[in-house]
Amino acid sequence: MDNKRIVVALGRNAFGETFPEQQQNVKKAAVAIADLVEAKYQVVITHSNGPQVGMIQTAMTEFARLEPDDRTVAPMSVCGAMSEGYIGYDLQNAIREELINRGIYKTVSTIITQVRVDPFDIAFSEPSKVIGRYMSKEEADAEEEKGNYVVEEESGKFRRIIASPMPIDIYEIDAVKALLDADQVVIAAGGGGIPVLQQGSHLKGASAIIEKDYTAAKLAELVGAGTLLFLTAYDKLTIGKGTPEEKVFDTVSATDLHQYIKDGHFPAVTTFPKVDASIRFVTADKERKAVIANLEKAKEGLAGKTGTTITA
């Protein structure tokens with residue numbers, strides 16, 4: 001394990017939901033990453049792709065609808081790959097520019113990353129990730145006839161819902177480690193990585209989206225990182241916010257977090273994956289730590305001056 005090697009997981013607040021928003025927001029992320037590079041950390045970055053992959057899937061589906069004789073709907077694995085590419089493009093350029101402006105000359109690379117999942121993962125029969133545009137009842141029925149799952153989010157408004165399996169392995173991990181050993185900044189496994197099923201020597205894209213927080217923990221484990229850093233829109237992990245029982249954590253153990261999970265704290269869609277991934281990461285090696293901190297206070301979070309530090 002290398003205490004100067006760190007995996008940084010960027011939440012959706014680092015990007016926004018449109019092309020102009022993303023190009024503007026990645027500048028803040030670039031400042032946070034440059035601060036860590038300046039402090040001599042070896043940095044691997046992974047990131048959310050929630051709005052972006054949904055936008056791509058919607059656009060490609062509409063394209064296929066308008067030209068049904070020539071075009072087919074893009075598989076989710078292809079949409080995930082496209083999101084990795086264009087988010088990585090904006091992010092690596094913003095980091096490169098910030099580093100050069102500080103007099104730091106270091107290559108920043110994006111790796112299109114495939115992540116192995118289990119075809120028998122229960123997630124495939126219990127999908128949980130909502131994606132894409134709203135559909136009418138007729139369109140939703142057509143999706144179900146294809147074998148896809150849909151959910152009625154509002155009366156008469158349906159959306160597709162897909163699996164979120166756990167990551168097992170990262171196929172490009174040797175490339176990530178080689179770039180880190182060459183002292184480069186690496187962006188990998190964006191959006192949780194492209195979920196794939198191993199079939200002999202063939203990797204088949206799965207119709208799924210992996211929760212990026214679990215992939216971040218797997219990435220940190222495989223590169224031998226000492227720290228897993230989640231950068232979010234809030235300063236510290238908090239439970240019971242706005243109530244007399246409100247509790248704000250500066251430091252907390254995995255054991256205590258387990259109890260808070262049992263007591264029903266941490267929203268399933270937002271906070272729980274970060275907390276659960278942090279627990280899995282630190283309990284596998286007592287020398288590791290996970291930190292949840294504000295995007296604009298990354299360096300301070302690592303130093304324990306803000307944010308929440310999670311230990312075994």
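**Salt bridges in a predicted model**

Asp 250, with a relative accessible area of 47%, is partly exposed. The views below come from a predicted model, in which 15 salt bridges are found.

**View 1. Salt bridge between Lys 236 and Asp 250.** The side chains of Lys 236 and Asp 250 meet with an N to O distance of 2.7 Å. This pair links distant parts of the chain, since Lys 236 sits in the loop between β12 (225–232) and β13 (238–239), while Asp 250 sits in the loop between β14 (247–248) and β15 (251–253), 14 residues apart. Lys 236, at 22% relative accessibility, also counts as partly exposed.

**View 2. Salt bridge between Arg 5 and Asp 181.** Here the side chains meet at 2.9 Å, taken from N to O. Because Arg 5 belongs to strand β1 (residues 2–10) and Asp 181 to helix α5 (residues 173–181), the pair ties together parts that are 176 residues apart in sequence. Arg 5 counts as buried, at 8% relative accessibility, whereas Asp 181 is exposed, with a relative accessible area of 59%.

**View 3. Salt bridge between Asp 35 and Arg 102.** The closest N and O atoms of Asp 35 and Arg 102 are 2.7 Å apart. Arg 102 has a relative accessible area of 25% and is partly exposed.

**View 4. Network of Asp 35, Glu 38, Glu 98 and Arg 102.**

Note on methods
Residues numbered from 1 in each chain as written. Predicted model: local features only at pLDDT ≥ 70, side-chain atom pairs only at ≥ 80, totals over all residues. Heavy atoms only, no water. Salt bridge = Lys/Arg side-chain N within 4 Å of Asp/Glu carboxyl O. Helix = DSSP H or I, 4+ residues; strand = E, 2+ residues; numbered from the N terminus. Buried < 20%, exposed > 50% of the residue type's maximum accessible area, 1.4 Å probe, protein only.
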